[in-house]
Amino acid sequence: MLITQLKDREIIESLICGKAFVINCHGCKEVFFDEKGANELQKELMEAGKLTGILTTDYICNPENMKLRLERYAKQIEEADTVLVFSCGVGVQTVSEYLADKRVCAACDTFALPGYQGVTPLEYDCDQCGECYLNLTGGICPITACSKSLVNGQCGGAKDGKCEVNHDMECGWERIQRRLAQVGRLDVLKKCPVQVRNYATYKDINKE
Amino acid sequence: MRISELFERGEFVITAEVGPPKGTNIDKVIEEAKEYLSGIHAVNVTDNQSSVMRMSSLPVCIALKQAGLNPILQMTCRDRNRMAIEGDLLGAACFGIDNVLALTGDHPTLGDHPTAKPVFDLDSVSLLHCMCQLESGKDLGGNDLVGDFPKFAKGAVVSPCSDSVDAQLAKMERKIMAGCEFFQTQAVYDTDKFLSFMEKAKQFGKPIQLGIVIPKNAGMCRYMNKNVAGISIPDSIIDELAADKEKAKSGETGVAIAARIIRECKDAVQGLHIMAMGWESKVPGLLEQAGLK
Ligand code: SF4
Ligand code: SF4
């Protein structure tokens with residue numbers, strides 16, 4: 001089971017540059033998602049004129065399915081400067097790969113809970129780290145795409161673009177660097193403060 | 001003494017590195033350092049380099065300090081979580097070790113304990129940040145330190161001849177943001193590549209020490225080209241080493257090549273870092289040939 005928890009309101013608002021298109025994923029039963037909180041927030045953003053549209057769908061982690069759903073909203077997506085995805089980390093990664101030239105942002109943090117993890121195709125991986133980094137890394141997960149799960153940039157071990165641990169695997173930070181350059185967001189790495197991971201679990205954080 | 005102060009004074013800072021033993025006797029490494037490395041500014045002590053288990057860096061630093069040398073503690077994030085790292089940093093400060101080189105560290109699968117748990121709780125950037133926190137009297141948990149706060153010269157590494165130069169420069173900027181005061185580079189053989197990297201890196205205004213590994217023979221060079229990240233040894237150097245096996249073996253050719261690289265690059269850098277890898281005895285001769293002594 002997993003929890004996709006809304007990021008703080010200020011963070012979500014700061015993610016929207018210009019106008020945003022919202023994608024909600026209500027796919028897996030195993031995911032706890034604050035639908036009510038998300039709806040209220042999106043309603044307010046819509047009323048404030050900050051959104052070009054909202055798509056609520058399921059299984060955006062399935063690329064074929066996601067493409068079919070998104071095609072019908074091509075115009076609203078085109079009009080938006082940011083695509084704000086309310087889903088687990090896998091969903092956000094799938095959308096950012098598909099809309100590789102667009103600013104795709106994660107509006108939720110994904111935490112692990114014990115039990116069945118839901119059905120996702122294996123193309124992208126989310127380790128449910130609880131503080132989704134996808135907004136700093138152009139939608140490529142540094143936890144699963146980097147062999148050391150580094151969150152502050154590339155180590156010195158990449159050779160010919162391949163990871164030091166597995167020469168068949170492209171270095172995750174090489175991919176992140178390329179993606180950020182592609183979407184014109186290299187400054188994110190310069191501006192964002194030093195990241196120190198939080199290993200406390202959802203239960204630990206909410207026990208107060 | 002903190003080597004950041006030497007850079008501030010405008011000195012050309014020369015350092016070399018030694019590796020702790022895989023055992024309990026440190027007399028040999030201390031004696032060699034005393035004999036060959038006393039004339040330079042500071043001596044790095046590696047931390048389970050290449051993920052091969054050895055004695056920890058800290059006790060060797062303490063012994064070097066007691067022998068009158070100026071140690072630089074290399075600290076990787078592969079084997080310790082943030083609490084162990086902070087504890088070791090406080091211990092280092094307590095013994096007057098005030099130079100620290102922050103490294104992420106190689107993955108355990110590259111070394112002689114491939115089944116060990118990779119830690120990477122911190123990385124080179126957050127380790128630099130951690131040192132700044134300790135200097136300000138707080139630990140990473142936000143708790144107050146008691147008594148005197150440590151003060152370190154905080155260094156890191158950069159790989160100038162890497163094929164991911166942009167990612168390396170981006171990381172370098174993050175290290176500086178996190179408090180890095182000086183850089184040592186990965187071994188340089190391709191001086192054109194290095195000098196064009198320096199053109200880009202000089203905007204950051206931080207001192208950079210040219211990294212040198214004395215090439216031992218053609219086989220070693222081919223191995224490094226194939227397996228070591230950020231290394232590109234031109235064919236001309238490999239041919240030079242292959243030409244006369246005896247001269248290569250005695251170190252004559254390697255030292256001459258290294259001295260030439262240093263002479264070509266020294267005006268672009270603020271110091272030199274020699275990774276002798278067992279050839280500590282050749283360091284004084286190398287410095288002489290490079291015109292630094
Ligand atoms: S950073 Fe990666 S592991 Fe963490 S929540 Fe996002 S997708 Fe999942
Ligand atoms: S080479 Fe790249 S993917 Fe591999 S550990 Fe280093 S930064 Fe991560």
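Predicted model: local features only at pLDDT ≥ 70, side-chain atom pairs only at ≥ 80, totals over all residues.
Asp160(A) sits in the loop between α6 (142-145) and α7 (172-182) of chain A. The phi angle of Asp160(A) is near 50 degrees, a positive value in a residue that is not glycine. Asp160(A) counts as exposed, because its relative accessibility is 59% and the cut-off for exposed is over 50%.

A second residue of this kind is found elsewhere in chain A. Tyr59(A), also not a glycine, has a positive phi of about 45 degrees. Its place is the loop between β4 (51-57) and α3 (63-71) of chain A. With a relative accessibility of 32%, Tyr59(A) is partly exposed.

The loop between α6 and α7 of chain A also holds Gly157(A). Is Gly157(A) buried or exposed? Its relative accessibility is 10%, so Gly157(A) counts as buried. Setting aside residues up to four places away in sequence, Gly157(A) touches Lys162(A) and Glu164(A) of chain A, and Ala229(B) of chain B. Gly157(A) and Thr57(A) are 100 residues apart in sequence, and their C-alpha atoms are 40 Å apart in space.

Two ligands can be described through the residues around them. Around ligand 1 are Gly89(A), Gln93(A), Thr110(A), Cys126(A), Asp127(A), Gln128(A), Cys129(A), Cys132(A), Tyr133(A), Leu134(A), Cys141(A) and Ile143(A). This shell divides into seven nonpolar residues, four polar and one charged. Around ligand 2 are Cys146(A), Ser147(A), Lys148(A), Gln154(A), Cys155(A), Ala158(A), Cys163(A), Glu164(A), Cys171(A), Gly172(A) and Trp173(A). Here the division is six nonpolar, three polar and two charged. One of the residues around ligand 2, Cys146(A), is buried, at 12% relative accessibility.

With cysteines in view, how many disulfides does the count give over all chains? The count comes to zero. Cys61(A) is itself buried, with a relative accessible area of 7%.

Attention now turns to the nonpolar cores. The largest nonpolar core has 88 residues, and those touching the most other members are Leu37(B), Leu89(B), Met172(B), Tyr189(B), Leu210(B) and Leu286(B). Helix α11 (residues 252-265) of chain B gives the largest share of this core, seven residues. Apart from it lies another core, of 24 residues, including Leu70(A), Ala80(A), Val92(A) and Leu99(A). Back in the largest core, Leu210(B) is one of the residues that touch the most other members. Not counting residues up to four places away in sequence, Leu210(B) touches Thr185(B), Val188(B), Phe194(B), Ile261(B), Ile262(B), Cys265(B), Val269(B), Gly271(B), Leu272(B) and His273(B).

Phe21(A) lies in strand β2 (residues 20-25) of chain A and is buried, with a relative accessible area of 0%. Leaving aside neighbours within four places in sequence, the contacts of Phe21(A) include Thr52(A), Gly53(A), Ile54(A), Leu55(A), Tyr73(A) and Ala80(A). Phe21(A) and Gly156(A) are 135 residues apart in sequence and 38 Å apart in space, from C-alpha to C-alpha.

In chain B, Val60(B) belongs to helix α3 (residues 57-66). Val60(B) also has a relative accessible area of 0% and is buried. Beyond its neighbours within four places in sequence, Val60(B) is in contact with Pro20(B), Pro21(B), Ile26(B), Val29(B), Ile30(B), Val45(B) and Met55(B). Val60(B) and Thr46(B) are 14 residues apart in sequence, with 9.4 Å between their C-alpha atoms.

The last stop is Ser162(B), in the loop between β5 (153-158) and α6 (165-177) of chain B. Ser162(B) is buried, with a relative accessible area of 4%. Its side chain reaches the backbone nitrogen of Ser164(B) at 2.8 Å. Leaving aside neighbours within four places in sequence, Ser162(B) is in contact with Gln168(B) and Gly230(B).

Note on methods: Residues numbered from 1 in each chain as written. Chains lettered and ligands numbered in written order. Heavy atoms only, no water. Helix = DSSP H or I, 4+ residues; strand = E, 2+ residues; numbered from the N terminus. Buried < 20%, exposed > 50% of the residue type's maximum accessible area, 1.4 Å probe, protein only. Near = heavy atom within 4 Å. Nonpolar A, V, L, I, M, F, W, Y, C, P; charged D, E, K, R; others polar. Core = buried A, V, L, I, M, F, W, Y, C linked by side-chain atoms within 4.5 Å. Contact = heavy atoms within 4.5 Å. Disulfide = S-S within 2.5 Å. Polar contact = N/O pair within 3.5 Å; in protein donor to acceptor, adjacent residues only side chain to side chain.
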